[in-house]
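Welcome! Open the structure below and keep it in view while you read. We will start with strands and then turn to the ligand.

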Amino acid sequence: MQNVDEDTITQIVLARHADATDPRLKQIMTSMVQHLHAFARDVELTEEEWFKGIQFLTDVGHITDDNRQEFILLSDTLGLSMLVTALNNRKPRECTESTVFGPFFVENAPQYQNGDDVANGAKGEPCFVTGRITGIGGEPVPNARVEVWQADSDGFYDVQYEGVTSNQGRGMLRSLADGSFHFRSVTAESYPIPHDGPVGRMLAALGRHPWRPAHLHFMIEAPGYERLITHVFRSGDEYLDSDAVFGVRSSLVADWQQHAPGRAPDGTEIDTSFRTLDFTFVLNQAGAAVRSNAA
Ligand code: BEZ
Ligand code: FE
């Protein structure tokens with residue numbers, strides 16, 4: 001008969017996986033059990049603490065619905081999302097780095113032509129964005145699908161407003177023959193991730209803030225290239241070194257130049273300050289051998 005005690009339990013649990021038919025599932029669950037048990041031993045987890053953890057995860061589940069994904073926020077704030085992104089997006093150092101997807105992407109955002117205003121009523125200082133999409137060799141990538149989404153000057157995405165049904169601060173456009181694209185929008189501002197739930201309480205208990213530095217989200221797809229999901233961050237933002245979800249890569253930080261009122265790049269006269277941002281996105285070839293861009 002097995003004697004289940006603190007020294008034997010890990011091996012006894014793992015032995016029960018012997019008949020698992022999916023080898024990858026077996027590998028993942030074996031490692032997870034080993035790490036969970038090691039963690040409990042490491043901190044000498046008390047029964048009270050274990051139950052607090054169960055209650056916390058229950059709260060995370062209860063607040064989660066179609067619009068609020070607290071488990072992803074938990075993964076994001078523990079750095080797991082960014083780690084999984086990094087593990088799965090190793091590429092040559094010349095390529096634009098990937099970062100977290102986030103919860104505010106919306107399918108079927110409106111299609112725009114180059115030069116259009118994707119703000120579509122979102123509040124904020126005007127911002128004129130130009131970009132260029134190339135491959136590693138510098139070759140332009142025409143007709144790439146460029147999805148952009150962003151927060152407004154109050155730090156909210158359109159989907160966070162009750163009753164806002166039109167898409168604001170998001171859209172899809174195509175790169176031109178020379179790989180370039182350009183659009184007008186508003187200047188994205190830093191914002192706190194949703195923190196009125198258990199993850200917010202966890203952050204507060206850990207002495208952490210919920211803020212993300214200002215950024216634009218991009219998802220870029222073109223035949224023959226790997227899909228790129230990334231951000232462009234605004235240099236000078238106070239949260240660049242303490243992003244609540246650990247998404248900042250220094251190569252993704254750019255100057256969003258501020259200009260006095262006057263003639264904008266699209267020829268219009270603007271009576272407030274406005275910004276310009278220019279960024280080149282370098283796509284990895286599809287199916288390219290994986291090389292790390294670390295080191
Ligand atoms: C975002 O950038 O949209 C985001 C990412 C992770 C958690 C919350 C928001
Ligand atoms: Fe965001």
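In this predicted model, valine 146 stands opposite isoleucine 220 in strand β7. That pair belongs to the contact between β7 and strand β2 (residues 145–150), which run antiparallel and are joined by 6 bridges. Strands of a sheet pair through backbone hydrogen bonds, either parallel or antiparallel.

**Strand β13 and its partners**

- Strand β1 (residues 126–134) and strand β13 (residues 274–282) run parallel, and 8 bridges join them.
- To find this pairing on your screen, look for arginine 132, which stands opposite threonine 280 in β13.
- Strand β10 (residues 257–259) also pairs with β13, this time in the antiparallel sense, over 3 bridges.
- Here, glutamine 258 stands opposite arginine 275 in β13.

**The shell around ligand 1**

- Now find ligand 1: the residues around it include Leu73, Asp76, Phe104, Tyr191, His215 and Val245.
- How many residues of each class are in the shell around ligand 1? There are 7 nonpolar, 3 polar and 2 charged residues.

- Arginine 212 has a polar side-chain atom that lies 2.5 Å from an oxygen atom of ligand 1.
- For histidine 217, a polar side-chain atom lies 3.0 Å from an oxygen atom of the ligand.
- Tyrosine 157 takes part too, with an N or O atom of its side chain 3.4 Å from an oxygen atom of ligand 1.
- How much of the accessible area that ligand 1 has on its own does the protein cover? The protein covers 100% of that area, which is 270 Å².
- The space that ligand 1 takes is the largest cavity.

Methods: Residues numbered from 1 in each chain as written. Chains lettered and ligands numbered in written order. Predicted model: local features only at pLDDT ≥ 70, side-chain atom pairs only at ≥ 80, totals over all residues. Heavy atoms only, no water. Near = heavy atom within 4 Å. Polar contact = N/O pair within 3.5 Å; in protein donor to acceptor, adjacent residues only side chain to side chain. Areas by Shrake-Rupley, 256 points an atom, 1.4 Å probe, with all protein chains shown as cover. 1 Å grid on protein atoms, 1.4 Å probe; cavity = no way out; pocket = protein on both sides within 12 Å on 5 of 7 lines; lining within 4 Å. Sits in = over half its atoms within 2 Å of the grid points. Nonpolar A, V, L, I, M, F, W, Y, C, P; charged D, E, K, R; others polar. Pairing = 2+ DSSP bridges. Helix = DSSP H or I, 4+ residues; strand = E, 2+ residues; numbered from the N terminus.
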